[in-house]
Amino acid sequence: MTGAASHIPASHEPGSVKSFTCPQCGGSIAIRALGLSITAICEHCGSTVDVANENLRVIAAAKQRVRDIPLPLGSRGTLFGNEWEVIGYMERGDSSGSYAWREYLLFNPWQGFRFLVESDGHWTFVEVLRRSISTSFQTIFFNRQSFRLFATTNAQVIYVMGEFYWRVKAGDRSYLADYVAPPATLSLERTRDEINWSYGQYVASAEVQQAFKITDGWPRPHGIAPSQPNKYAASLGRNAKLFAAILALLTFGQCLVAGSSRNQTILNETIPYAASQPSRTQIFGPFTLPGGKENVSLEVRAPVSNNWFEVEADLVNTQTQDQYSLTDTVEYYSGYDSDGYWSEGGQSTDTVISSVPGGTYQLSLTPSAGIGAANYYQVILKRDVTVWSNFWLAFLCIAAFPLYLLIARSSFEKARWEESDTSASPAYGDDRPASYDVRNMKLQEDGPVADNSPVYGSYQENNPPGELKRQREALDKFRKNIGATGDDHDANSWYEDMNK
């Protein structure tokens, strides 16, 4: 983008909407930022007119079909606390013609110019920066954020309509590099004569539509935008402390339960096993299970190897004849294959019976085993043991949602960066200035942007003497003519003032 015109016609006072007749087709051209805009593209024929020239010279004649756009010229909406009017529209695309996006030029006499960029139904509110930024090509640190290179392209203007503060026409080319730190974007635009940096913020499509009160023909967002906030990451961040607190309480409660459990051993017997009597039943007891309704754990151990050992057990209350039956099977197998050593199972197993009332009981055991499995087995009966299965089940249920958010966040970012072009090196072509280093994208000779840049934030290397002062004076005159004092002016009524 280039700077403003060096001449404001004396007959054109800034501060009100002016209409001119297009020298090419005779159609009406409305100028909303008079004294600041230097070119206007006729909505009827597409010709580029120099509105800074009092003779309204046609810069480039064209005959093109007027396009319907979601935000018509003259539309007004409030974004980020300020009211903006759409005064210019431009379509741009990459050099291959496979990808295009749309840029709307917004104007407010106190805030200057901004851009509203739409791509695939996603919107970004963009402000041109008044400074240069150094970068190591892949990463930029700006405003305490790390921006990562997302894409580079050689862009060209496809279509223009409305008014602009620089000379623009279809076919204009520039090199672009976009860096993202969602929801923010940093963009470099390089032409033959200048460098511009801009800072953008992602804006939800519904918010833009509501701001400008558009009801028909609104583009629906699809895909994931480079700077679109990751809603899963935001949800995870909002709920991380809650999840951590719940898991901490669950762990604390389980520790209290474990500390209060008796883990009392009621029976511990090592029993010979004879293969000649494989189903011989043995009875132990009577013995007393203390307490009220508490759990009972039966553990069976057997020195098996590549074999199995099974015990059918019946715990019988001698007073009520209530019976609790279970089967414990010990299996252990191991060996070698093409991948090396392997093993599965183990030489012990245990089963927990919950809510067994206290009282006097007997335990009957009936063993069985594979051939040569073991010549003895051990049985351990415990009362009121710590059970961890419920804890882990609750833990998994609670952790399921944050785990889902983690997976969804990762999938979202993967989909975002699949559209990236981070491996591409900047390719600017023969028009690249000698002072521009494509590997580190720094201005090596031109130096930093001056603090007294134009009011709209564009940096022009070849501004004529006094140009920046003239632009500031033009904006001050614009504000004065619409009756603005600055701080005490109602920003919502300045358009009405302009049209009186």
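R144 is placed in the loop between β11 (139-142) and β12, where strands are DSSP runs of E of at least two residues and helices are runs of H or I of at least four, numbered from the N terminus. The phi of R144 is near 65°, a positive value in a residue other than glycine. Most residues other than glycine have a negative phi, and most peptide bonds are trans. The model is a predicted one, in which local features need pLDDT of at least 70 and side-chain atom pairs count only at pLDDT 80 or more, while totals for chains, interfaces and linings use all residues. Residues are numbered from 1 along each chain as its sequence is written, and side-chain values use heavy atoms, with hydrogens and water left out.

Cis peptide bonds occur at two further sites described here. One joins P182 and P183, with omega of about 10°; P183 belongs to the loop between β13 and β14. Another joins G285 and P286, with omega of about 5°, and P286 is found in strand β17 (residues 282-289).

The largest pocket holds about 1,200 Å³ of space. A pocket is an open set of points on a 1 Å grid over the protein atoms alone, where a 1.4 Å probe fits, with protein on both sides within 12 Å along at least five of seven lines; lining residues have an atom within 4 Å of a point. Grid points are joined across faces, edges and corners, and the volume is the space filled by probe spheres set on them. Of the 47 lining residues, Y99, W101, S119, D178 and P226 are the closest to the centre of the pocket. Elements that give two or more residues to this lining include β7 (82-94), β8 (100-108), β12 (145-164) and β13 (173-181). By class, the lining comprises 21 nonpolar, 17 polar and nine charged residues (nonpolar: Ala, Val, Leu, Ile, Met, Phe, Trp, Tyr, Cys and Pro; charged: Asp, Glu, Lys and Arg; polar: the others, Gly among them).

Helix α2 (residues 231-260) and helix α3 (residues 389-417) have axes that come within 10 Å and cross at roughly 165°; axes are lines fitted to C-alpha atoms over the stretch in contact, and angles run from 0 to 180 degrees between N-to-C directions. Therefore α2 is roughly antiparallel to α3, a term for angles over 145 degrees. Residues in this contact (heavy atoms within 4.5 Å) include F243 and L247 of α2 and F395 and F401 of α3. The contact residues divide into 18 nonpolar, three polar and one charged.

Definitions and conventions: Angles under 35 degrees count as roughly parallel, over 145 as roughly antiparallel, 65 to 115 as roughly perpendicular and the rest as oblique.
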